[in-house]
Amino acid sequence: MMVGDKAISEATLLGHCKRIERIIHESGDTIATAEALTTGGALAGLGNAMSACGEGQPFAATVRALATVAQQQRAVCGDTEVRAGMAQVRHALAVAGGRDALFAPRLAALVLSSLDASTDPNFQSACIAVIRDVAEQCEPVSGHHCEESIDSASVENVFRTLCTYLVVPKVFSSDLQTLTDSNSWKRIHAFKVDAKHLIEIISGSLKRISETGLESETYVELLTRCAAFLGDSGSKWTSEDGKKSAADLLLVLNQNGSKNSVAKYAKEILEKNVKPHFQIAVSSKREVIRREERGSFGVKKTKKNRDLDHQQVFENQPWKYEVVECVSVFEWVCSQLKDSESIPVQHLVIPTVLAMMDDYDPIYKSRGIRMFRDVVLKKLTAQDIRVSGLGNVFFETLRICLSHHSSPEVLREAYPAIIELVDTLELKGSRESVAKLSIIMEEGIIRGLRLAIGGKLEIIRSILRTVPGLFDQLETCSIKYLEPVVVLISEVLELHEHDFETQLLCCHSLESVVVTCWPRIHLYCCVILKACAAAWVHLDRASKAEEKDTRLINSKTTSSRGNLRSALQGLVSLLQRVCGDAMRDDTDLLLSLDADVFGPLLAIAE
């Protein structure tokens, strides 16, 4: 059923599309379908009909039929006539695309809008893949300027429609490690594939239209989609190929518009795609606080009712559960701004950062603290923070974070952030600085170590990494905390006999304590020396065990043990230089107990 007449109408073309779909639906298996298509010549006829339509637009049914055949062709991959017919239809689509720069995006929007929610995700992906393949073959017809027939309203409608299909589905707000629903996983895999293809379709079309074809609102929407995929640091909803496609789209947007489109439209992106979703959550929390303060018609609330109110606040967080990519968009946009570019949007950034730092989820809380360091501390001057009056607000928020002793990810970010904040806000050695640093020492370091010993290693390590910088900031004012800090760190050094990383951090922390508090360290040198001796004995036993059984030798463990041995020798040497004769009796006692074992530990000092 070959049709070659140039006078063929689009109605005839639609008839071919429907015929292919009817053949596909009526056939019971893929072999019969392929035979019916081949015998009837439907694919070849469709290709000729499309070519004959001239300027006519193709229909969604064409792509749906073609996608179905493409899916089923695996069973009949040896049938050259079917493949030839499919190639002819694809070529006809590409010729039509050569006449219109928006051909592929229009076709994608038409196909996607014609599919209902119950459509198999794999079939939808096949449709989009066909359009993407056709878009790559589209070349402008010689002498034909595609842009002349494109109006801005058409561009805006087409690209905005496609952007709605690039919104991250809510299924990604689930814990993917525990997700077992097969249909959900189908949607997850399909979205990653479809998003990549749709972004490529958009990029290809943008390269063929001028800057005048895009309005600012369309730019904002496209940049937001780029931010959603480029900001997905954990690749939860984006594949690596998808990120590359998004980076290419961003490059095209920068070429068509300003050199830094993100900075130009940052305010619009944050106001439209971030602020509204956080405002709902903040409003809900404020309402709960007001209800707690005033009660309900004078009736005292029970604990059960208060718990229900707080549960509603946690559930009413659209930035986390409704708009899954909201935080990623916010983080990525802020990361693209230079210092001077951050100031005009700080009224949008700071409330969002505070809301994240105040969240109950450790993951979002730690991300909020990281944003505080990267966007507030590094991009705003100390004067800006002081003038805003938010310095103490951030300090109190971070102070609360120091009490999260069961969340290593929070403490890992909170300790350096709060010390950097004090260093930014206050002059070193001033009364205000010492007062704030003393709070960190008492509530963060001392209390934290007392609670952490015997607990999670990462928490202990986060605290130990903070000690050198904190003692350096406090200087001689840290002497009043000498006893509890030395005793606690020495206890960790002595007990963690097989944890070389933690023991190494203990040595570095104690070194900083000795250097800073040298006038009074002789009162506690015996405590430090006892811990060093105990750690040294464990190292010596492990070395002797390896000598007896070479199977115990591990290159990584051996290297770590060597680093710890050097650190212990350096710490003891430093102690002897600072304390002198005050620790002579202790060293003599160790040598009298076992000179062969403790001799190398004290050798550097002799």
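This is a predicted model: local features need pLDDT of at least 70, side-chain atom pairs count only at pLDDT 80 or more; totals for chains, interfaces and linings use all residues.
Biologist: What percentage of the residues in the protein chain is buried?
Modeller: Buried means under 20% relative accessible area, exposed over 50%, and partly exposed in between (1.4 Å probe, protein chains only). Of the 606 residues in the protein chain, the buried share is 50%.

Biologist: Is Glu 221 buried or exposed?
Modeller: Glu 221 is placed in helix α10, residues 216-230. Because its relative accessibility is 13%, Glu 221 counts as buried.

Biologist: Which residue meets the side chain of Glu 221 in a salt bridge?
Modeller: A salt bridge is a side-chain nitrogen of Lys or Arg within 4 Å of a carboxyl oxygen of Asp or Glu. Side chains of opposite charge can pair when their charged atoms come close. For Glu 221 the N to O distance is 3.1 Å, and the partner is Lys 272.

Biologist: How many residues apart in sequence are the parts that Glu 221 and Lys 272 tie together?
Modeller: The side chains of Glu 221 and Lys 272 form a salt bridge. Glu 221 lies in helix α10 and Lys 272 in helix α12 (residues 261-273), so the parts tied together are separated in sequence by 51 residues.

Biologist: What distance separates the closest N and O atoms of Glu 136 and Arg 132?
Modeller: Glu 136 and Arg 132 are four residues apart in helix α7 (residues 121-137), and therefore about one helical turn separates them. Glu 136 is exposed at 59% relative accessible area, whereas Arg 132 is buried at 15%. In their salt bridge, the closest N and O atoms are apart by 3.7 Å.

Biologist: Which helix holds Glu 331, the salt-bridge partner of Arg 367?
Modeller: The side chains of Arg 367 and Glu 331 meet at 2.8 Å, N to O. Arg 367 lies in helix α19 (residues 362-377), and Glu 331, 36 residues apart from it in sequence, lies in helix α16.

Definitions and conventions
Residues are numbered from 1 along each chain as its sequence is written. Side-chain values use heavy atoms; hydrogens and water are left out. Helices (H or I, at least four residues) and strands (E, at least two) are DSSP runs, numbered from the N terminus.
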